[in-house]
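Me: Got a structure to go through with you. Can you take my questions as they come?

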Amino acid sequence: MSHDIMWLVISKLQPVPSYINWLPFFYFRCSSFKQKPTIMTGINFTVYKGSPSGKIVKGSTHKDLRPDEVLLRVTHAGLCGTDLHHKNEDIGLSHEGVGIVEKIGSEVVYFKVGDRAGWGYPPQRIGNEIFCSERAYGAFATHAVWREAFLFHIPDGMSSADAAPLMCAGATVFNALELHGVRSTDRVGVVGIGGLGHLAIQFAAKMGCDVVVFSSTDSKRNEAMALGAKEFYATKGAKKLGIGRPVSHLLVTTSASPDWSLYLPVIAPMGTIFPLTGLRIQGVICPSRGLHVKMLRFAALHGIKPVIQTFPLTLEGIEEAIEKLEKGQIRYRGVLVAPDA
């Protein structure tokens, strides 16, 4: 047996629904599998990637289709703040992809031609092992090729444009709420109403939580309340936040560190701050496969939708979207739409 294989003990399989819940896959280390798999006919397609100068470059690549892989025509791709960090690198951008299955490998079981599928960050994760050094991106493209095990069926009641931001932003906030003991009786604070914050408000509210939103000014008060907040507090110039009953969980979704002297007094004893330091540190990472599927089902059931701005999935469209994101002009997630979507 190759030392590169790490076996996973698979629990008893359950009937497979319309989208995958459990898969009997072996989990591999990040190093390459030494046995050479059978390669199917590949495809050449267009990709949009970063460059050392920061300019978005249109290029082409070739991908072979292995037996356990799926070829998708990309229809929608989300823009994330992480893309700003990678635009100076020679890699494909966007890790929030949704597309239509055009071809499947001989060993693919749960997807068929014509299905909608999505992938998140990082798409080549192994189970819950998101620290693998072999990370892949590239939803800003005409096509994509991914292993079946790392794709997600898009629920029928969800549009592809709405699904794209949920692949990363939605999964991140849902993971924080679901994995770390947030209950329907809890008061949950959300700092910031942006790409992550506006989804955190919706998920927490639909879970039955009492949602308290903090933003620098009153400009987004009505929007926050419409998304499901019960209380709203403007923090700019405030010396103290008189919110009454303290919050049990505080999700900090802003890129800048908040004024902790304002927030620490309104957090309950043994409360949790996501993801920065405080009463208890709780890092927030991408969810396991099971939680990702649960997030999509929950969002479809409760009609949770990101607030999006759309742009054409072209070189010019990507440049425009990135420029607006850098200027803070996106409300609240940018989605690039393919011309033939």
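Me: What should I know about the model itself?
Reply: It is a predicted model: local features need pLDDT of at least 70, side-chain atom pairs count only at pLDDT 80 or more, and totals for chains, interfaces and linings use all residues. Residues are numbered from 1 along each chain as its sequence is written, and side-chain values use heavy atoms, with hydrogens and water left out.

Me: Back to α3. How many of its residues are buried?
Reply: Eight of the 10 residues in α3 (197-206) are buried. Buried means under 20% relative accessible area, exposed means over 50%, and partly exposed lies in between (1.4 Å probe, protein chains only).

Me: Which ones are buried?
Reply: G197, H198, L199, A200, I201, Q202, F203 and A204.

Me: And for the whole protein, what percentage counts as buried?
Reply: Of its 341 residues, 50% count as buried. The protein has seven helices and 16 strands.

Me: New topic. What is the strand order in the open sheet of five?
Reply: The order is β12-β11-β10-β13-β14, with parallel pairing. Two strands pair if DSSP finds at least two bridges between them.

Me: Which strands stand at the edges?
Reply: β12 (231-234) and β14 (267-274). Each has a single partner strand, so one side of each is left without a neighbour in the sheet. The twist averages 20° from one strand to the next.

Me: How many bridges join β11 to β12?
Reply: Four, and the two strands run parallel. β11 covers residues 210-215. V212 stands opposite E231 in β12.

Me: Now E223. Where is it?
Reply: E223 is in helix α4, residues 221-227. Its C-alpha is 9.0 Å from that of I193, 30 residues apart along the chain.

Me: Why does E223 count as partly exposed?
Reply: Because its relative accessibility is 25%.

Me: What does E223 touch, leaving aside neighbours within four places in sequence?
Reply: R331 and Y332. Contact means heavy atoms within 4.5 Å.

Me: Which of the side chains makes a polar contact with E223?
Reply: That of Y332, at 2.8 Å. A polar contact is a pair of N or O atoms within 3.5 Å; within protein, one must be able to donate a hydrogen and the other to accept it, and residues adjacent in sequence count only if both atoms are side-chain atoms.

How values were computed:
Axes fitted to C-alpha atoms, helices over the stretch in contact; angles between N-to-C directions.
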